[in-house]
Structures are given as structure tokens and as C-alpha cells.
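Reader: Please take me through the labels on this model. I want each one set against its cut-off.

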Amino acid sequence: NWSMGSFIDKEIERIRTLVGPHGCVIGAVSGGVDSTVAAVLMKRAIGDRFHAILVDNGVMRLNECETVKHTLNDSLGINLTVADASDLFLSRLKGVTDPEKKRKIIGNTFIEVFEAEAHRIDNENKELGRDKIEWLLQGTLYPDVIESISFKGPSATIKSHHNVGGLLEDMRLNLIEPLRELFKDEVRALGSLLGIPDDLIWRHPFPGPGIAIRVLGEVTPEQVDIARRADHIYIEEIKNAGLYRKISQAYAALLPVRSVGVMGDQRTYEQVIALRAVETKDFMTADWFEFPYSVLKRISNRIINEVHGVNRVVYDVSSKPPSTIEWE
Ligand code: XMP
């Protein structure tokens, strides 16, 4: 007689027993469905003894940090700290063009910022007479568990996916993984039951290195800004067209080339936005999404008119394999 409702009750009991009456837990949240569902479960189980950390790496989507903070903190009542490290991340990305180097820099900086924040919270807890932090929450799903014990799939080996692995050794925390037996659709169902808004539950996956691997070539604040604005318009129009849930993942990439255009009687020489949208079940293989031309036309017009510095928009018609979903 297994249901999500009884899963919630049982899992909350398990967490309470595991952590004890005074134990403290920390965890990183990203605004994605997994980390949010895991965080809400913790909040239900141990209240403010769970402390969530959102690291602003400077390469999240437009207004994403504020939106996530609002939803998690104000609406869902999670004890949340936002660590604004965008300047640090962007300064370290300066001059770097190699995709794997970008991933490493972002992954390592993330760990550094997260740990510093965790130590700060630990000290704060000490002053409040609370227990030391002994637990780390992770929103690991069943497929992640399988992937990490079996041979790694192509995307995991070809691109070094960064997650919060590595935190454990440095901080000697115990892992707590309430979603480790669930599939994505079950996590979504659980999220709904926990009162998490639909917008968040159905959000497309977003890579840890964020817009840094969607700005091809050097990542500067100006380039991030252009990619963000274009992406925001793209996603908004996909939602307006009622296609967001049909598409597994969509984003705008900013290409490191300039092309000639014309505006009024002026010649322009500006950048190119590539639109990517795929349908996939497992993200190991993917087909490009067949947009109605009218939707593409609207998106293209809006991006070129509204995003300063862009005079051309192209649509990516490559499947995976041999292409990957991300351009970098
Ligand atoms: P690819 O580009 O390998 O992407 O076809 C497959 C899925 O993985 C995501 N992805 C990443 N996620 N860190 C992440 O957390 C990364 O470095 C990374 N690289 C790709 C990608 O967005 C897609 O969902």
C-alpha cells in the first residue's frame, strides 16, 4: 500500500531518527526540482536545523537567484543563505576558453564557497548553542545511484560533470539522501504533494557550470548578460507557445563569432545566438525539437530586437549523438 503520502511520513521519521533531536544538516540548493524537494523534506523533518545554501556563481539564468531565494525562503520557509560569489567566479573565469577548464574552475570554486559558508554557519550555530553540523543533504536520485556504481555513461566521461562530490572528504560529513530510491517522475509527484510550485517542478535541467558553458569562448559579464537575456526571451516564448513541457531542455547559446547585418542604413557587425531545444528520455540520446516556424520567427525577432549586441539567430538541428546537448 505504498503511496507518496506514506513515503513522506516514513522518510521524515527516518530523517528524524538519523539526525537525532539536535543534529544539524546543511545542503546546497540550486533551484532545480531534486535539491528543492530534498530541502523541503528536510525542513518538514527538522525545521531550521536544516540550513540550505544557494551559491550564486554569476552564471545562473536571468533573475534566477532572486527567484529561487523567493520561492525557497519566502514561500517554502526554508532556512536559506545565499552566498553571492559571482565576482569570484567571474574573475576566475577571465581569459578561460576551454570548456573543461571552465567546468573545473566552477566546480572547485563552488566547493570552496560552499565550505566557507558551511564553516560560517557552523560557527553561528555554536554561538546559538546548537550542535555541530554533521550531515550533508544531497538530492541524489535512483538513476544517479545506478550511474555512479555502474560504468559511467558517455556524457559523464566525455564531460566532467561537476556535482558536490568532494565536499565529504574535506568536511567529514555524513550523507543524507532522501531521494535515492526515487525516479524523476516520483520526485515530481512528491514535490507537488509537498506544495512546491509547478513552475519549479517542471523546470528543465540546468548544468552546474550554467551559462559559462553556453557562452562559447571567454566568459565575461557582458557576454553572460547577452546570453541570459536571449535565453530569457527564448524560454518565455516557449512557455507562451505552450511547448515548455514537451521540450526536455532548451537554452540559448552565445557563439564566439560576429556576423554582418544591417539596421536602418547602418551596417552592423554583431554576435550570433544559437537556439537549442531537445526531446529526450534519458539525456544520453536526444532529438532536436521540431518547432512550428511561427514560434521560431517570434523568438528570433524578439531576440534581435531586444538583445543589444545580437544581429543573428540560428536554430541548432543536431541530434545527440553525435552532437551533445550542450555546445561545450
Ligand atoms: P550533454 O551536453 O553531455 O548533456 O549532452 C547531457 C545533460 O547533462 C547536462 N550537463 C551538465 N550538468 N554539469 C552538470 O551538472 C555539467 O558539467 C554538465 N554538462 C552537461 C546537460 O545540460 C544535459 O542535461
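Author: Burial comes before the contacts. Buried means under 20% relative accessible area, exposed means over 50%, and partly exposed is in between, with a 1.4 Å probe and protein chains only. Asp-316 and Arg-276 are both buried. This is a predicted model, where local features need pLDDT of at least 70, side-chain atom pairs count only at pLDDT 80 or more, and totals for chains, interfaces and linings use all residues. Residues are numbered from 1 along each chain as its sequence is written, and side-chain values use heavy atoms, with hydrogens and water left out.

Reader: What makes Asp-316 and Arg-276 a salt bridge?

Author: The rule asks for a side-chain nitrogen of Lys or Arg within 4 Å of a carboxyl oxygen of Asp or Glu. The closest N and O atoms of Asp-316 and Arg-276 are 3.3 Å apart, so the pair is a salt bridge. Side chains of opposite charge can pair when their charged atoms come close.

Reader: Where in the chain do Asp-316 and Arg-276 lie?

Author: They link distant parts, 40 residues apart. Asp-316 is in the segment after strand S9 (310-315), and Arg-276 is in strand S7 (residues 266-279). Helices (H or I, at least four residues) and strands (E, at least two) are DSSP runs, numbered from the N terminus.

Reader: How many salt bridges does the structure hold?

Author: It holds 20. Some share partners: Glu-236, Glu-237, Arg-298, Arg-302 and Glu-306 are joined into one network.

Reader: What separates Glu-11 from Arg-14 in helix H1?

Author: About one helical turn, because they are three residues apart in helix H1 (residues 4-19).

Reader: Is Glu-11 buried or exposed? And why is Arg-14 called partly exposed?

Author: Glu-11 has a relative accessible area of 8%, so it counts as buried. Arg-14 comes to 36%, so it is partly exposed.

Reader: Which residue forms a salt bridge with Arg-120?

Author: Glu-124, with the closest N and O atoms 2.8 Å apart. Both lie in helix H5, four residues apart, about one turn of the helix. Arg-120 is partly exposed at 35%. Glu-124 is partly exposed at 33%.

Reader: Now the rings. How many aromatic pairs are there?

Author: Six. Rings of Phe, Tyr and Trp (its six-membered ring) pair if their centres lie within 6.5 Å; planes under 30 degrees apart are stacked, over 60 edge-to-face, and the rest tilted. The ring centres of Phe-110 and Phe-114 are 6.1 Å apart and their planes are at 15°, so this pair is stacked. Both lie in helix H5 (residues 99-127).

Reader: Why are Phe-110 and Phe-114 called buried?

Author: Phe-110 has a relative accessible area of 14%, so it is buried. Phe-114 is at 0%, so it is buried too.

Reader: What makes Tyr-142 and Phe-183 edge-to-face?

Author: Their centres are 5.4 Å apart, with 70° between the planes. Tyr-142 is in helix H6 (residues 142-149), while Phe-183 is in the loop between strand S5 (174-176) and helix H9 (184-193). Tyr-142 is partly exposed at 33%, and Phe-183 is partly exposed at 41%.

Reader: Which residues form the aromatic cluster?

Author: Tyr-234, Trp-288, Phe-289, Phe-291 and Tyr-315.

Reader: How do you know that the charged end of Arg-214 sits over the ring of Tyr-251?

Author: The test puts NZ of Lys or CZ of Arg within 6 Å of the ring centre and within 35 degrees of the ring normal. Arg-214 is 3.9 Å from the centre of the Tyr-251 ring. Arg-61 lies over the face of Phe-206, at 4.1 Å from the ring centre.
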